[in-house]
Amino acid sequence: MRCAVDHGEGLAVRTNMTVTHCQLCYCVLYTSTLSAVLLCAVHISSNTDGQYEWDRTTKGATTKSFFPSIVDRMKLTINPIPNFTAIVTGHGNIKTYLHKFNIIENPKCSCDKGEQTVDHIIYSCNLHEQERDRLKAVITRSEQWPVSKNKLVLKYYKNFKQFTDNIVLNKE
Ligand SMILES: [Zn+2]
């Protein structure tokens, strides 16, 4: 059981492994057997030291920008779907991720306005403008857009999840 991205594994489709997630930081794990408790290398040693490990590690930077504190993370009851998972972890069906593992040749987004990163999807890709406008409409009732990714998950979880549910990623 390892954190695939941090340790340079390929995608699960290239192996015979099952894709799952660390129950604490939600990073993607590739495991050959399913065990009851699924934690990534960062969290596998102990739960109590989790916060320390979390702060210390430089890995999982994208997930950290959403969940700087495990406590905040654990407060949420997340019922994830693939887009949400991909966007929050930065792992999955996102071109910069696929490119990093040589699954695709070009990390450029189909909108042609730059690489498809998590930030690009949330804040700038014009392919998701309609869905983003809906999210913005809710947020701008109380504050200015853009808000941080951390805030999107903690304060606007429902609306942000709706955004990720509604966008279509790389269907071409
Ligand atoms: Zn784009």
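This is a predicted model: local features need pLDDT of at least 70, side-chain atom pairs count only at pLDDT 80 or more; totals for chains, interfaces and linings use all residues.
Figure 1. An α-helix has 3.6 residues a turn, so residues three or four places apart point the same way.

**Figure 2. Helix α8 packs against α10**. Helix α8 spans residues 129–139. The axes of α8 and α10 are 9 Å apart, and the angle between the helices is about 175°. An angle over 145 degrees counts as roughly antiparallel. That is why α8 and α10 are described as roughly antiparallel to each other. From α8, the residues that meet the partner helix are Glu131, Arg132, Leu135 and Val138. From α10, they are Asn159, Phe160, Phe163 and Asn166. Sorted by class, this contact has 4 nonpolar, 2 polar and 2 charged residues.

**Figure 3. The largest nonpolar core has 17 residues**. Four of them touch the most other members: Ile87, Val88, Val153 and Phe160. Four helices each supply at least two residues of this core: α5 (82–89), α7 (118–124), α9 (149–154) and α10 (157–166). The largest share comes from α5, with 4 residues. Now focus on Phe160. Leaving aside neighbours within four places in sequence, Phe160 is in contact with Leu135, Leu152 and Val153.

**Figure 4. Helix α5 is mostly covered**. Of its 8 residues, 7 are buried. These are Asn83, Phe84, Thr85, Ala86, Ile87, Val88 and Thr89. Pro82 also lies in α5. Pro82 has 13 C-beta neighbours inside 10 Å, so it counts as partly exposed. Residues up to four places away in sequence aside, Pro82 touches Gly92 and Asn93. Pro82 and Asp165 are 83 residues apart along the chain, yet their C-alpha atoms are separated by 8.6 Å. Just after α5 comes Gly90, with a positive phi of about 75°.

Figure 5. Most residues other than glycine have a negative phi. Asn102 has a positive phi, near 55°. Asp112 has a positive phi of about 75°, and it is not a glycine either. Are these residues buried or exposed? Asn102 has 10 other C-beta atoms within 10 Å, so it is exposed. Asp112 has 8 C-beta neighbours inside 10 Å and therefore counts as exposed.

**Figure 6. Asn126 sits in the loop between α7 and α8**. With 11 C-beta neighbours inside 10 Å, Asn126 counts as exposed. Which residues does Asn126 touch, not counting those up to four places away in sequence? They are Cys111 and Lys113. Asn126 and Asp112 are 14 residues apart in sequence. In space, they are 9.6 Å apart, C-alpha to C-alpha.

**Figure 7. A cis peptide bond leads from Trp145 to Pro146**. Most peptide bonds are trans. The bond from Trp145 to Pro146 is cis, with omega near 5°. Where is Pro146? Pro146 lies in the loop between α8 and α9.

**Figure 8. The protein chain has 10 helices and 3 strands**. From the N terminus on, the order of elements is β-β-β-α-α-α-α-α-α-α-α-α-α. The chain has 172 residues, and 30% of them count as buried.

Note on methods:
Residues are numbered from 1 along each chain as its sequence is written. A nonpolar core is a set of buried Ala, Val, Leu, Ile, Met, Phe, Trp, Tyr and Cys residues joined through C-beta atoms within 7 Å. A residue is buried if 20 or more other C-beta atoms lie within 10 Å of its own, exposed if 12 or fewer, and partly exposed in between; C-beta atoms are placed from the backbone. Two residues are in contact if their C-beta atoms, placed from the backbone, lie within 7 Å. Axes are lines fitted to C-alpha atoms, for helices over the stretch in contact, and angles run from 0 to 180 degrees between N-to-C directions. Angles under 35 degrees count as roughly parallel, over 145 as roughly antiparallel, 65 to 115 as roughly perpendicular and the rest as oblique. Ala, Val, Leu, Ile, Met, Phe, Trp, Tyr, Cys and Pro count as nonpolar, Asp, Glu, Lys and Arg as charged, and the others, Gly among them, as polar.
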